[in-house]
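Dear colleague,

Please find below the structure I promised to pass on. My notes on it follow.

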Amino acid sequence: MRTAAQRELSEIRQDLDHLTASQIQPDEVAAAFARFDPLWNAMSLQEQNDLLWLLIEQVDFDGPSGEIQLQLHPDGIQALIDQNRDTP
């Protein structure tokens, strides 16, 4: 009979396996962005807007320093990679 601690440890291991399997690999990101310029140039303004909304969650601008920081949507890059996989 498994103890509560053993069951919890088993669940944690399953969660960890799931997270590890769902991580985006650097080569997948590189492949998605390698096709970015031709894709961007072929897109309409509306499609470009939609893509930016997909990728960018927040933009912060520091006026005095002139710095811009972008916060990406956590699932935005994965969505772009998934779209890239579907395109021959």
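Leaving aside neighbours within four places in sequence, Gln 48 is in contact with Trp 40 and Met 43. Please bear in mind throughout that the model is predicted.

**The helix**

Gln 48 belongs to helix α4, which spans residues 45-55. Its relative accessible area is 13%, and because the cut-off for a buried residue is under 20%, Gln 48 counts as buried. The buried residues of α4 are Gln 48, Leu 51 and Leu 55. Viewed down the helix axis, these buried residues of α4 fall within an arc of 60°, so they line one face of the helix. The general rule is that an α-helix has 3.6 residues a turn, so residues three or four places apart point the same way. On the face of α4 turned away from the buried side are the exposed residues Leu 45 and Trp 53.

**The hairpin**

Strand β1 (residues 56-62) pairs with β2 in the antiparallel sense, over 6 bridges. One of the pairings joins Asp 60 to its bridge partner in β2, Gln 69. The two strands, β1 and β2, form a hairpin with 4 residues between them. In the turn, Gly 66 has a positive phi of about 75°.

How many of the 6 residues of strand β2 (residues 67-72) are buried? The number is 0, so strand β2 lies largely in the open.

**The nonpolar patch**

A nonpolar patch on the surface is formed by Val 59, Phe 61, Ile 68, Leu 70 and Leu 72, which together have about 520 Å² of accessible area. The elements that give two or more residues to this patch are β1 and β2. The largest share, 3 residues, comes from β2. As a general point, side chains in a regular strand alternate between the two faces of the sheet. Val 59, a member of the patch, is placed in strand β1. Its relative accessibility is 51%, so Val 59 counts as exposed, the cut-off being over 50%.

**Glu 57**

Glu 57 also lies in strand β1. With 38% relative accessibility, Glu 57 counts as partly exposed. Not counting residues up to four places away in sequence, Glu 57 touches Gln 71, Leu 72, His 73 and Pro 74. One of these contacts, Leu 72, is in the nonpolar patch. Glu 57 and Ser 10 are 47 residues apart in sequence, and their C-alpha atoms are 34 Å apart in space.

With kind regards

Note on methods
Residues numbered from 1 in each chain as written. Predicted model: local features only at pLDDT ≥ 70, side-chain atom pairs only at ≥ 80, totals over all residues. Heavy atoms only, no water. Buried < 20%, exposed > 50% of the residue type's maximum accessible area, 1.4 Å probe, protein only. Contact = heavy atoms within 4.5 Å. Pairing = 2+ DSSP bridges. Patch = residues over 30% accessible without salt bridge, like charges linked within 9 Å, V, L, I, M, F, W, Y side chains within 5 Å. Areas by Shrake-Rupley, 256 points an atom, 1.4 Å probe, with all protein chains shown as cover. Salt bridge = Lys/Arg side-chain N within 4 Å of Asp/Glu carboxyl O. Arc of directions from axis to C-beta.
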